[in-house]
2 protein chains.
Amino acid sequence: DIALLTAAQFESGTLTGKTVFITAGPTREALDPVRYISNHSSGKMGYALAQAAAEAGAKVKLISGPVTLPPPARIETITVESAQEMLEASLQGLAHCDIFIAAAAVADYRPTAVSEHKIKKGSEEIMELHLVKNPDIVATVASMENKPFTVGFAAETRDVLKYAKDKLTRKNLDMIIANDVSRNDIGFNSDENAVTVVTHSGAETLPQTSKRKLATQLIDHIANQYTPLAR
Amino acid sequence: DIALLTAAQFESGTLTGKTVFITAGPTREALDPVRYISNHSSGKMGYALAQAAAEAGAKVKLISGPVTLPPPARIETITVESAQEMLEASLQGLAHCDIFIAAAAVADYRPTAVSEHKIKKGSEEIMELHLVKNPDIVATVASMENKPFTVGFAAETRDVLKYAKDKLTRKNLDMIIANDVSRNDIGFNSDENAVTVVTHSGAETLPQTSKRKLATQLIDHIANQYTPLAR
């Protein structure tokens, strides 16, 4: 009986009964009605993780910045623009979240003031743009009293492992997925990736493969690390 | 005979034998390997103009910033990222260009220095970003001695006509296509647009329609204005 088989399969999923929040894509920080600061994140890794978590039986909420990917089938997807909007969507219902995966490339800074009208180009040859630090979404989540198992990403162009370990401790995370975005063949906008999974007990490098396959491996890692905590 | 009919049709095209350069989409100005400043231009208007110009018999070179549109069939398309790259591609072969249509939303400023490595988030709550003015592509083209018939766009959120007329004179353009990007139903990212065509002899408003249909009307306007100049 197919219905029973399917049900059984989901019963035995490594994340069955768990609620997973995943942020994905870039954020856009408006300068005025037409201009913004953003970054090259395609959202592919976060979307692949959402798919893999759902396949592992989890109830997934995908919180996505502006990307060109179609919203994944049968996954609750909330679209946001700015870091502030992404934080709000992340905190909404967080008490029910078991695992929080911060795959989005959140803009560190946003313009101090957003101009209501398009800023006219003046005659000035140079311009100073005043920026203010954005909320740190993953650190905010990890600072909560009953925090979910919190997974961060570290996209770096050098000293990848060093920065990842530092971030793990400093932000009170449970796991960091570190990758080297200085390589053109993997990472941002690429369909492939190679990462190092860093936890408080050590680091393991997963070889280069499709983001789809890597996502399944990462969800396995997360499920393995999550279970022993007996929350 | 279909081949002859097709040839005849092209012979009678309003832009047959003319070379048209069209810039489209946004530009991206890198802050570091992952971050950039950009804007909400989708490239739809520029791509529609390229299609309409080709249908009117012109040889078209489309110079496109990063967009998600597929490159149009049978049109030479050059993809660029920054304003500096777009300027270079615009000047290349400009001596053979009869009509230059600047539909791209070029970033007015770019970061003074591009960091080779990803800028680390410091502990600072605020940050100053130093920007320098980008080359003005349409003004550079219009300043050439044997300049092509040069068409600019004015995307404004207020006083649309006033700014458009000012831009026409100041930049030595032959035509400005002005639109109000403060409206959500038209303009950037929308499939529809409504514009006012401004020349040295007056202004005419074209009512809201699809960018596809509007492009055909605009190419007609451009061809009408271009011919009497007897270059």
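How many helices and strands does chain A have? Select chain A and colour it by secondary structure. Chain A has 6 helices and 12 strands.

**Before you start**

This is a predicted model. Its scores are ipTM 0.78 and pTM 0.82. Now colour chain A by pLDDT. The average is 88. At least 70 is the score of 88% of the residues.

**Stop 1: chain A as a whole**

Keep chain A selected. The chain holds 231 residues, and buried ones make up 53% of them. Next, think about contacts between residues at least 6 apart in sequence. Of these contacts in chain A, 63% join residues at least 24 apart.

**Stop 2: both chains together**

Show chain A and chain B. Two copies of a chain are related by a rotation about an axis and a shift along it. What rotation superposes chain B on chain A? The rotation is 180°, with 0.0 Å of shift along its axis. The RMSD of that superposition is 0.0 Å. This is the relation of a two-fold axis.

Now look at where the chains meet. Of the interface residues of chain B, 100% are also interface residues in chain A, so the copies meet through the same surface.

**Stop 3: two helices that cross in chain A**

Select residues 44-55 of chain A; this is helix H2(A). At what angle do the axes of H2(A) and H6(A) cross? They cross at roughly 55°, and they come within 8 Å.

Show the side chains here. On the H2(A) side, the residues that meet H6(A) include Met45(A), Ala48(A), Leu49(A) and Ala52(A). On the H6(A) side, the residues they meet include Leu214(A), Ala215(A), Leu218(A) and Ile219(A).

**Stop 4: a residue inside H6(A)**

Is Ile222(A) buried or exposed? Its relative accessibility is 0%, so Ile222(A) counts as buried. Now show what surrounds this residue. Setting aside residues up to four places away in sequence, Ile222(A) touches Ile99(A), Ile101(A), Phe149(A), Val151(A) and Met175(A).

Pick the C-alpha atoms of Ile222(A) and Ile78(A). They are 23 Å apart in space. In sequence, the two residues are 144 residues apart.

**Stop 5: an exposed threonine**

Go to helix H5 of chain A, residues 160-170, and select Thr169(A). The cut-off for exposed is over 50% relative accessible area. Thr169(A) has 59% relative accessibility, so it counts as exposed. The C-alpha atoms of Thr169(A) and Thr199(A) are separated by 9.5 Å. Along the chain, these two threonines are 30 residues apart.

**Stop 6: a loop residue with a positive phi**

Select Arg74(A). Where does Arg74(A) lie? It is in the loop between strand E4 (59-64) and strand E5 (76-79) of chain A. Its phi is positive, about 60°, although Arg74(A) is not a glycine. Arg74(A) is exposed, with a relative accessible area of 82%.

**Stop 7: a positive phi in chain B**

Move to chain B and select Asp159(B). This residue sits in the loop between strand E9 (149-156) and helix H5 (160-170) of chain B. Asp159(B) has a positive phi too, about 50°, and it is not a glycine. Its relative accessible area is 45%, and Asp159(B) is partly exposed.

**Stop 8**

Select Asn172(B). It lies in the loop between H5 and strand E10 (175-180) of chain B. At 42% relative accessibility, Asn172(B) counts as partly exposed. Which residues does Asn172(B) contact, leaving aside its neighbours within four places in sequence? They are Ala142(B) and Lys147(B). The C-alpha atoms of Asn172(B) and Lys162(B) are separated by 16 Å, and the residues are 10 apart along the chain.

**Last stop: the helix crossing in chain B**

Select residues 44-55 and 211-226 of chain B, helices H2 and H6. Their axes come within 8 Å and cross at roughly 55°. That makes H2(B) oblique to H6(B). The crossing is right-handed. Among the residues that meet there are Leu49(B) in H2(B) and Leu218(B) in H6(B).

How values were computed. Residues are numbered from 1 along each chain as its sequence is written. Chains are lettered from A and ligands numbered from 1 in the order in which they are written. This is a predicted model: local features need pLDDT of at least 70, side-chain atom pairs count only at pLDDT 80 or more; totals for chains, interfaces and linings use all residues. Side-chain values use heavy atoms; hydrogens and water are left out. Helices (H or I, at least four residues) and strands (E, at least two) are DSSP runs, numbered from the N terminus. Buried means under 20% relative accessible area, exposed over 50%, partly exposed in between (1.4 Å probe, protein chains only). Copies are superposed by least squares on the C-alpha atoms of residues with pLDDT of at least 70 in both. Contact means heavy atoms within 4.5 Å. pLDDT is the predictor's confidence in each residue, from 0 to 100. Axes are lines fitted to C-alpha atoms, for helices over the stretch in contact, and angles run from 0 to 180 degrees between N-to-C directions. Angles under 35 degrees count as roughly parallel, over 145 as roughly antiparallel, 65 to 115 as roughly perpendicular and the rest as oblique. A crossing is left-handed if the near helix is turned anticlockwise from the far one by less than a right angle, and right-handed if clockwise.
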